[in-house]
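These exercises are meant to be worked with the sequence and the 3D structure open side by side. Try each task before reading the solution below it.

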Number of protein chains: 4
Amino acid sequence: LSAAVAQGKVRVPTHIVSSICDDRGEEPKYAGVTMSELIEEDYGVGDVISLLWFKRKLPKYASKFIEMCVMLCADHGPCVSGAHNTIVTSRAGKDIVSSLVSGLLTIGPRFGGAIDDAARCFKDGHDNNLTPHDFVEGLKKRGMRVPGIGHRIKSKDNRDKRVELLQQFARKFFPSTRYLDYAVRVEETTLQKSANLVMNVDGCIGALFLDLLASSGAFTKKEADEVVQIGYLNALFVVARSIGLVGHALDQKRMQQPLYRHPWDDVLYC
Amino acid sequence: LSAAVAQGKVRVPTHIVSSICDDRGEEPKYAGVTMSELIEEDYGVGDVISLLWFKRKLPKYASKFIEMCVMLCADHGPCVSGAHNTIVTSRAGKDIVSSLVSGLLTIGPRFGGAIDDAARCFKDGHDNNLTPHDFVEGLKKRGMRVPGIGHRIKSKDNRDKRVELLQQFARKFFPSTRYLDYAVRVEETTLQKSANLVMNVDGCIGALFLDLLASSGAFTKKEADEVVQIGYLNALFVVARSIGLVGHALDQKRMQQPLYRHPWDDVLYC
Amino acid sequence: LSAAVAQGKVRVPTHIVSSICDDRGEEPKYAGVTMSELIEEDYGVGDVISLLWFKRKLPKYASKFIEMCVMLCADHGPCVSGAHNTIVTSRAGKDIVSSLVSGLLTIGPRFGGAIDDAARCFKDGHDNNLTPHDFVEGLKKRGMRVPGIGHRIKSKDNRDKRVELLQQFARKFFPSTRYLDYAVRVEETTLQKSANLVMNVDGCIGALFLDLLASSGAFTKKEADEVVQIGYLNALFVVARSIGLVGHALDQKRMQQPLYRHPWDDVLYC
Amino acid sequence: LSAAVAQGKVRVPTHIVSSICDDRGEEPKYAGVTMSELIEEDYGVGDVISLLWFKRKLPKYASKFIEMCVMLCADHGPCVSGAHNTIVTSRAGKDIVSSLVSGLLTIGPRFGGAIDDAARCFKDGHDNNLTPHDFVEGLKKRGMRVPGIGHRIKSKDNRDKRVELLQQFARKFFPSTRYLDYAVRVEETTLQKSANLVMNVDGCIGALFLDLLASSGAFTKKEADEVVQIGYLNALFVVARSIGLVGHALDQKRMQQPLYRHPWDDVLYC
Ligand SMILES: CC(C)(COP(=O)(O)OP(=O)(O)OC[C@H]1O[C@@H](n2cnc3c(N)ncnc32)[C@H](O)[C@@H]1OP(=O)(O)O)[C@@H](O)C(=O)NCCC(=O)NCCS
Ligand SMILES: CC(C)(COP(=O)(O)OP(=O)(O)OC[C@H]1O[C@@H](n2cnc3c(N)ncnc32)[C@H](O)[C@@H]1OP(=O)(O)O)[C@@H](O)C(=O)NCCC(=O)NCCS
Ligand SMILES: CC(C)(COP(=O)(O)OP(=O)(O)OC[C@H]1O[C@@H](n2cnc3c(N)ncnc32)[C@H](O)[C@@H]1OP(=O)(O)O)[C@@H](O)C(=O)NCCC(=O)NCCS
Ligand SMILES: CC(C)(COP(=O)(O)OP(=O)(O)OC[C@H]1O[C@@H](n2cnc3c(N)ncnc32)[C@H](O)[C@@H]1OP(=O)(O)O)[C@@H](O)C(=O)NCCC(=O)NCCS
């Protein structure tokens with residue numbers, strides 16, 4: 001039905017159509033699963049995200065992987081634009097929701113990780129059988145950096161441990177890691193250019209999400225494409241970072257920090 | 001140091017003070033725990049929330065309980081004000097962040113559960129040794145309903161299963177459930193007034209969080225008071241419901257729903 | 001009818017009740033005034049605010065005064081928390097609405113002027129016939145500063161010109177300035193304490209709005225009380241400052257400023 | 001200097017660059033104009049918008065025109081998505097800022113007027129010397145409606161009075177109306193297709209803003225292009241509609257409306 005509605009084939013008699021959660025019975029259901037079942041059958045936060053976003057239960061390793069992503073993206077210190085705005089708003093004496101929201105609104109093209117972009121690019125390169133070399137040169141021609149590649153500190157001989165751990169996890173439990181393998185081959189190409197052009201955590205998550213969509217057996221090809229196109233991975237970052245932003249808002253209240261005013265002498269009035 | 005800063009005893013030489021996450025090293029640390037440790041030692045989402053909000057690792061049962069709360073509060077259907085505004089914004093063609101935020105901003109005194117209020121009231125009644133009867137009458141005199149008590153459908157002989165499951169979990173794993181026990185005695189009193197004045201899921205979470213703060217051994221009395229006063233439980237609802245709100249935003253995009261316009265004939269122009 | 005609805009005397013058959021603008025005819029009406037009338041009869045922005053907020057046309061001097069307030073509160077530089085967050089969000093590459101909103105959310109108890117507070121205090125002192133001395137001492141006893149009094153730079157012998165101009169305007173056109181006169185007498189008292197405890201622009205606007213509500217003949221006493229209690233003056237600041245915040249968002253885009261990251265060495269990690 | 005900064009030619013020694021308002025002196029200046037000057041020399045709200053957004057004073061007729069736009073876009077009833085979300089948030093008991101913001105976030109591609117789009121299209125057609133016929137057919141080929149053309153109620157023989165009044169104003173005071181004239185010729189073409197394909201108020205504002213940019217003598221060609229490209233006209237709608245949204249938030253508080261819950265039977269659960 002929901003597909004028919006989307007295609008405009010069916011004219012619905014109500015003003016709202018909704019498909020993820022039914023609250024009409026004795027207890028709410030997430031994609032058909034009651035809240036009692038959630039607890040009795042030991043669902044986790046990753047499962048709840050799957051139910052409400054993908055409308056299906058994913059295999060154990062997949063929801064575990066989603067939880068890993070949430071944990072790794074939950075915070076990245078007070079200096080990034082999201083945390084900064086949340087801190088400023090909390091220090092203006094505003095409530096937790098306003099503080100969180102003021103920070104969330106900075107998430108976008110320049111702040112929020114390159115996960116969706118990395119996924120889109122790797123999918124494009126892999127599915128069109130571009131050699132890693134052609135893939136990298138193609139982006140360069142369009143004046144783009146390879147999303148998911150590059151690190152300020154890490155390098156060839158000093159890899160990011162999180163990337164290693166995520167790879168280990170996936171190679172052990174995922175049915176296939178062909179997108180990850182493609183990303184690794186891209187990394188081999190970029191490493192020839194510079195030692196710090198290693199796969200970063202965003203690139204690793206992006207590639208592995210493609211593997212999960214393609215090989216878990218839970219998604220049709222059309223559904224997988226839709227997930228990448230609509231941009232669920234950015235949404236995952238948003239939910240994850242909410243944990244950190246709320247943490248920063250609470251932190252400032254706990255320390256009773258006063259109103260922030262940017263110092264005059266750090267502004268060029270022109 | 002952070003206490004000294006809060007008390008104004010120390011004049012800090014920087015414009016920002018922050019204490020939950022350090023991003024200066026090779027990998028970010030949440031309250032001193034590196035991201036590699038998070039993955040290698042099998043931390044969960046509940047642990048990350050503890051680290052970033054409470055700045056400490058809690059016992060296994062406690063972080064499991066936090067995850068249960070996140071799962072149970074993640075969504076409650078499309079009709080509540082938060083989901084509704086998110087749906088309207090998503091249908092106006094706006095991005096996921098804007099859609100999420102438009103819904104989050106409705107969370108507050110009337111929408112968002114009565115968890116913090118329930119915790120504050122039960123703490124007050126219990127710590128001041130009010131009999132359940134005096135507690136209930138005291139609120140009535142001030143014209144207030146007992147927060148955490150009452151259900152539209154459930155009743156004495158048809159309890160809310162989630163409340164039963166949470167109670168079972170706590171009685172099995174929590175060192176003490178004295179706040180829960182107090183809330184149960186309050187429920188006995190209100191049930192004499194009306195069969196539907198049962199403890200609801202908000203009341204149960206509120207009481208159990210008090211037990212967790214008081215008996216886990218992880219918080220001083222002063223720290224526990226601060227958590228209740230600042231209102232961390234409302235924040236927990238906010239993060240949990242973000243999952244559902246993002247789900248609703250994605251749902252509308254998937255179904256390509258058009259701009260929402262409230263029907264003229266459902267408005268009284270006066 | 002709208003009063004009856006508010007008092008719950010009438011059960012309305014619709015889910016929404018609305019009273020400020022009717023969009024059902026050929027052209028929208030603001031409180032009964034068509035948009036053609038607005039233009040043909042030379043209404044101004046101040047009149048539109050009156051129509052949509054107060055549901056009535058005010059005398060010319062009153063809407064002129066509202067416009068003066070909008071102009072004087074429209075911006076206050078890039079360092080205050082609102083402008084700062086808008087700048088950070090605009091530099092994160094986000095759209096104008098997100099940038100504006102991220103800044104607006106900092107407006108509240110500590111940022112946004114003391115206009116509503118000044119109005120509430122002066123109204124309280126004046127209507128209860130407190131002598132200026134008792135008024136000042138009463139606030140001091142409660143540990144409060146007199147809102148609307150005090151200036152970082154200005155003083156007894158170097159008054160704020162805006163305050164002078166607003167006073168001149170009001171003394172020329174307002175039927176009565178008894179609240180302003182009360183505020184001036186309060187200022188005389190505080191000036192005996194310190195030369196910089198002059199009436200500031202917030203205090204002047206707050207007092208004059210009270211005069212406008214009391215003496216324009218356009219409001220009943222009950223209506224005037226409601227305006228002060230609900231907090232329309234803070235709302236006026238919000239609309240005014242939207243102009244400046246949008247200006248800052250556009251300014252950063254015009255100058256193509258990059259992502260803002262707060263400097264590490266300006267943060268105390270504790 | 002600000003152009004050099006934008007082009008990356010100058011490396012600034014501060015973290016923030018700002019150019020619209022200087023708050024360092026005795027009173028803030030908007031683009032060099034002190035607040036005293038604003039009042040003494042009878043500036044209006046339109047002038048303040050010009051100073052803070054365009055960094056220049058515009059001729060009287062131009063700032064008057066900006067004020068007309070603000071007034072005509074200030075509200076459009078409670079049913080549109082912006083007002084609706086503001087109403088829902090206000091009824092959830094949230095503050096004025098949160099209520100305003102929840103509504104503002106719906107402004108975008110589908111809600112907020114077609115002013116910027118109309119301006120971009122008319123500019124493109126006019127500057128490239130497209131005949132009105134080719135212009136209309138070109139858009140049709142790309143599957144687009146002509147922005148700024150079409151009205152649900154108005155038609156050839158029953159014009160929108162606001163459009164007439166704006167046109168009259170511009171023909172009387174603007175040095176040139178060549179973009180408006182182009183839009184009128186486009187209208188002649190579309191009217192041959194259908195009687196209701198008249199120029200609407202969005203189209204009229206869009207075309208006239210182009211005339212203002214091109215013929216007021218206040219903008220270089222490059223500056224005018226930048227204004228259209230960055231999207232100032234959408235920003236004008238945002239500031240204008242803030243007045244109405246705040247009006248709706250206040251309206252609901254005045255009528256003490258309870259929490260809104262969308263009716264279950266108006267939702268298709270699928
Ligand atoms: C992560 C990142 C910001 C680290 O950057 P950095 O170490 O500060 O590197 P610099 O920006 O100083 O770039 C150094 C050189 O490497 C090149 N480079 C950096 N990342 C590159 C990439 N992903 N693809 C191709 N070339 C890259 C730069 O173009 C530059 O070359 P140049 O000196 O010839 O101009 C950068 O690698 C990047 O933008 N990656 C892509 C986006 C991404 O994955 N971000 C994830 C974190 S959100
Ligand atoms: C949950 C709740 C909204 C369900 O309400 P409901 O079944 O629709 O009940 P009604 O509002 O029709 O109230 C029925 C009667 O019970 C009383 N009542 C309901 N909840 C009560 C409570 N928590 N304490 C005391 N009396 C209560 C009402 O005052 C009313 O009495 P009256 O008919 O003499 O006026 C309601 O019990 C409540 O407000 N509880 C407190 C807040 C709370 O815990 N909310 C959790 C969900 S967010
Ligand atoms: C406007 C304001 C922030 C300027 O402050 P400032 O010149 O930096 O003054 P300080 O904060 O250094 O205070 C200097 C002394 O004057 C006193 N003071 C300042 N404003 C006062 C007031 N409004 N009422 C009573 N005493 C006041 C302070 O308590 C302090 O006394 P102390 O040294 O004995 O403690 C301050 O006057 C104020 O808070 N006013 C009230 C709020 C207000 O109207 N704000 C309008 C701007 S939004
Ligand atoms: C303003 C508007 C929504 C009114 O629409 P409406 O009267 O309900 O018209 P409909 O959507 O029913 O369209 C009727 C026919 O006119 C056509 N049409 C409507 N507006 C058109 C336009 N601007 N250009 C070309 N054709 C148009 C439609 O394609 C439709 O043709 P069809 O029946 O062959 O498919 C519509 O004209 C429009 O979208 N205009 C462009 C956007 C705009 O300027 N909006 C301003 C208000 S924010």
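**Exercise 1.** Find which polar side-chain atom lies 3.2 Å from an oxygen atom of ligand 1, and then describe the surroundings of ligand 1.

*Solution.* The polar side-chain atom belongs to A:N196, and it lies 3.2 Å from an oxygen atom of ligand 1; a polar contact here is a pair of N or O atoms within 3.5 Å, where pairs within protein must also join an atom able to donate a hydrogen to one able to accept it, and residues adjacent in sequence count only if both atoms are side-chain atoms. Next, the side chain of A:R145 places an N or O atom 2.9 Å from an oxygen atom of ligand 1, while for the side chain of A:N200 the corresponding distance to an oxygen atom of ligand 1 is 3.0 Å. On its own ligand 1 exposes 860 Å², of which the protein buries 52% (accessible areas by the Shrake-Rupley method with a 1.4 Å probe; for residues, only the protein chains shown count as cover). Finally, 14 residues lie around ligand 1, and A:R145, A:V146, A:G148, A:I149 and A:N200 come nearest (a residue is near if one of its heavy atoms lies within 4 Å).

The model is predicted, with local features needing pLDDT of at least 70 and side-chain atom pairs pLDDT 80 or more, whereas totals for chains, interfaces and linings use all residues. Residues are numbered from 1 along each chain as its sequence is written, chains are lettered from A and ligands numbered from 1 in the order in which they are written, and side-chain values use heavy atoms, leaving out hydrogens and water.

**Exercise 2.** Determine which residue of chain C has a backbone N or O atom 2.8 Å from a nitrogen atom of ligand 3.

*Solution.* That residue is C:V146, through its backbone. Turning to side chains, C:N196 has an N or O atom 3.1 Å from an oxygen atom of ligand 3, and C:N200 has a polar atom 3.0 Å from an oxygen atom of ligand 3. Of the 870 Å² of accessible area that ligand 3 has on its own, the protein covers 52%.

**Exercise 3.** Identify the residues whose backbone N or O atoms lie 2.7 Å from a nitrogen atom of ligand 4.

*Solution.* One of them is D:V146, and D:I149 is another.
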